Amino acid sequence: MFTSVVSNRTRLLAILLLAVMAVFVVRLFYLQVIRHDSYVAQAAERQTRKLDIPAQRGEIYALERDEPVKLVLNETVYTVFADPQVVTEPEAIVEVMNRVAGGNVRDNFADLLDLTDTRYQVLATNVSYAQAEMIKQEDIFGLGFTKTSRRVYPEGQLASQVLGFVNAEGVGQYGVESALNDRLTGTDGVLRTVADVRDVPLTIGNNNINIAPTDGDDIVLTIDRNVQRATEKALADGLKRIGAKTGSALVMNPRTGEVMAMANLPTYDPANLDKVTDVAALNNNTISMPYEPGSVIKTFTVAAGVDTGTITPNSTYVNTDKIVVDDRTIGNATNGQTGEITMQHALNWSLNTGMVTIAQRMGNGSYITEGAQSTIYDYFHNKFRLGHPTGIELAGEASGIIIAPDQAQGNAVRYSNMVFGQGMDVTMLQVASGFSAMVNGGTYYQPTVVAGTMDGDTFVDAPAREVREKVISSKSSATARQMVIGARRAFYAGGDTAGYAIGGKTGTSETIVNGQYIKDQTIATYLGFGGETGEIPAYVVMVEVSSPGMNLAGGEHAMPIFTDISNWMLDYLQLQPKG
Amino acid sequence: MQSRRSTTYASRRSPERHSRNHNSVNYISAVKLGPVTHTVIVALMITVLGLIYLTQATKAIGYDYAASDIESQIAELSVEKNNLEVENARLTALKTIENSSVAAEMSEPSSTDFVR
């Protein structure tokens with residue numbers, strides 16, 4: 001009897017245990033087999049971290065002669081934040097923040113620590129590495145640091161319109177920063193990995209991804225730091241001397257098309273954008289503001305005349321100080337050089353009648369025919385590339401306008417104005433690039449501000465650019481060059497360092513406001529070159545100055561700035577005087 | 001070549017009990033292991049093997065922490081290097097040089113000679 005009872009109880013216990021075991025087995029089967037994918041996904045979601053590894057934005061270098069020097073760098077800075085709910089020593093935080101990062105704290109940062117219903121309050125931004133380390137050493141609970149990167153400009157305002165800046169989203173604006181944004185930005189990397197609670201990446205797991213970021217290119221500009229500085233100084237001094245407010249200057253190497261300096265005033269400091277009061281200061285007017293350059297274009301007219309065999313420097317015409325084209329009478333700005341005079345004389349005195357005569361002789365001798373218009377258009381637009389965007393690696397380049405002969409406004413009157421620099425809109429860069437082709441033997445080099453890239457510490461040259469050879473013959477180039485030297489020596493060579501071949505031409509143009517010429521404001525321009533006697537010029541300089549309500553003249557106001565830059569360039573390039 | 005026995009083997013068994021396929025040597029140990037002991041030994045072996053497995057498995061994670069530390073150090077040093085480069089660029093900037101005491105002592109050359 002007793003044995004039977006025990007046996008039944010044991011059997012019952014066994015059945016109960018089996019039942020419990022069965023429940024466990026079924027539950028485990030459900031969790032581990034049926035819900036397997038779901039739980040694996042949940043685990044992966046909690047354990048896996050996906051981090052974007054930011055690529056470092058490329059740095060920008062200038063040149064110092066042939067050596068790259070850093071112009072724009074990246075600096076690691078910190079945002080200091082607090083969690084008011086866990087802060088226990090607000091007085092200590094206020095004390096250390098004021099002492100270490102007083103210039104970077106938010107105005108009301110002490111009050112923010114009292115907002116205990118929040119968990120994240122930014123106390124200071126742009127805190128340097130050294131400052132952050134000092135704050136960290138205080139070991140105050142409740143403070144945190146977020147690492148960010150910002151652009152640094154050790155040269156301050158130097159070449160700021162060429163460089164541009166980077167906005168809060170990390171996108172380049174204006175200048176090289178915008179034009180080459182894709183190259184400078186690089187490609188972010190990705191890290192997807194199982195991580196522990198402190199976000200330390202662990203190698204366990206089969207789905208980890210680690211793609212390294214590709215940093216942006218380090219770009220080396222053709223801008224020479226010293227030439228840029230000297231150009232900006234000469235422009236600033238010149239504007240101060242004449243009391244003008246705005247001006248631009250451009251220095252190019254005519255042998256390569258490389259831009260050595262681009263200066264614009266007023267300017268700005270890209271590190272202090274909040275202090276910019278006029279957004280016009282952000283523009284690089286040498287490329288973005290087309291204008292009527294005035295008589296500097298006469299150098300293009302005589303070059304075209306020489307190259308087509310229409311004139312020589314000694315060709316003569318009878319100057320009466322006025323010339324009639326259709327229903328318009330065109331006069332000279334300077335009267336009195338009447339009678340039979342040479343084209344060199346006409347260029348020296350900047351006589352409009354001489355240029356219109358060249359245009360007429362390209363036609364039937366007395367009229368600017370359609371054939372003459374086509375010839376002028378071909379030289380101005382197709383060969384010297386006026387009215388074309390040059391494709392320079394800078395944002396905001398304007399194309400300008402050269403009216404073609406087959407357009408409604410492309411008539412004889414238009415072309416009679418174009419030959420002395422009116423009735424067209426061109427940028428300083430277009431003019432300087434075409435002028436470079438004119439004086440360098442006849443080769444048009446696409447202008448550029450990019451010399452190459454840095455590969456580690458090695459400077460790598462940029463790929464070759466567009467080159468158009470023989471836009472005029474080398475003989476025509478030499479003749480035009482000599483005529484431009486003659487034009488400078490006629491009146492403006494007094495300030496030149498002796499022993500060099502320096503040429504140049506003045507330009508004074510009226511200002512157009514709302515489509516109408518205004519009488520109380522003119523723009524002064526000077527375009528010239530310099531170098532060793534008998535050699536291809538080593539530099540081309542173009543200067544433009546203007547100011548509201550001021551009538552400025554190329555010879556009086558822009559030319560002295562050219563002279564300052566030119567004399568400085570002769571020394572800097574260590575050119576040898578002759579004779 | 002035939003081998004020769006050097007000694008003569010004499011079976012301790014009686015010839016009448018000897019038959020084919022029966023062990024001729026019967027060894028009986030003095031120490032006897034019961035089923036519990038066997039179970040414990042097997043469990044211990046499994047435990048040791050498990051520990052070895054865990055040690056090896058977590059060794060890689062230990063390297064992860066070491067690698068993470070080193071990467072942190074590299075990042076710190078990289079930040080310091082960048083900051084030093086920035087400082088160097090600031091110190092060698094044209095404006096800094098122009099405002100230096102050395103530059104203040106300089107004067108314009110009175111004349112320039114050119115030598116080829």
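Biologist: Which domains does the domain assignment give for chain A?

Modeller: Please keep in mind that this model is predicted. In chain A, the assignment gives domain 1, made of 75–100 + 113–151, and domain 2, which covers 223–572. Taken over C-alpha atoms, the centres of these two domains of chain A are 55 Å apart.

Biologist: What does the secondary structure of chain B come to?

Modeller: Chain B has three helices and zero strands, and its pattern along the sequence is α-α-α. Of the 116 residues in chain B, 9% are buried. The chain exposes about 10,900 Å², of which 58% is supplied by carbon and sulfur atoms.

Biologist: How many aromatic pairs does a search of the whole structure find?

Modeller: Such a search reports 12 aromatic pairs over all chains. One of them joins A:Tyr492 and A:Tyr526, with 6.3 Å from centre to centre and 80° between the planes, an edge-to-face arrangement. A:Tyr492 is in the loop between α17 (474–491) and β22 (500–513) of chain A, while A:Tyr526 is in strand β23 (residues 516–532) of chain A, so this pair ties together parts that are 34 residues apart in sequence.

Biologist: Is A:Tyr526 buried or exposed?

Modeller: A:Tyr526 is buried, because its relative accessible area is 0% and buried means under 20%. A:Tyr492, in contrast, counts as partly exposed at 24% relative accessibility. A:Tyr526 also forms a tilted aromatic pair with A:Phe562, at 4.9 Å centre to centre and 50° between the planes. Since A:Tyr526 belongs to strand β23 and A:Phe562 to helix α18 of chain A, this second pair ties together parts that are 36 residues apart in sequence. A:Phe562 is buried as well, at 0% relative accessibility.

Biologist: Which residues do ring pairs link into a cluster?

Modeller: The cluster consists of A:Trp349, A:Phe491, A:Tyr492, A:Tyr526 and A:Phe562.

Biologist: Finally, the backbone. Which residues does a cis peptide bond join?

Modeller: In general, most peptide bonds are trans, and most residues other than glycine have a negative phi. A cis peptide bond joins A:Leu265 and A:Pro266, with omega about 0°. A:Pro266 is found in the loop between β13 (258–265) and α10 (285–288) of chain A.

Biologist: Where does A:Tyr174 lie?

Modeller: A:Tyr174 lies in the loop between β7 (172–173) and α7 (175–179) of chain A. Its phi is positive, near 65°, and A:Tyr174 is partly exposed at 31% relative accessibility. A:Asp321 also has a positive phi, near 70°, and sits in the loop between β14 (316–319) and β15 (322–325) of chain A. With a relative accessible area of 11%, A:Asp321 is buried.

Notes. Residues are numbered from 1 along each chain as its sequence is written. Chains are lettered from A and ligands numbered from 1 in the order in which they are written. This is a predicted model: local features need pLDDT of at least 70, side-chain atom pairs count only at pLDDT 80 or more; totals for chains, interfaces and linings use all residues. Side-chain values use heavy atoms; hydrogens and water are left out. Domain bounds come from an automatic or database domain assignment. Helices (H or I, at least four residues) and strands (E, at least two) are DSSP runs, numbered from the N terminus. Buried means under 20% relative accessible area, exposed over 50%, partly exposed in between (1.4 Å probe, protein chains only). Accessible areas come from the Shrake-Rupley method with a 1.4 Å probe; for residues, only the protein chains shown count as cover. Rings of Phe, Tyr and Trp (its six-membered ring) pair if their centres lie within 6.5 Å; planes under 30 degrees apart count as stacked, over 60 as edge-to-face and the rest as tilted.
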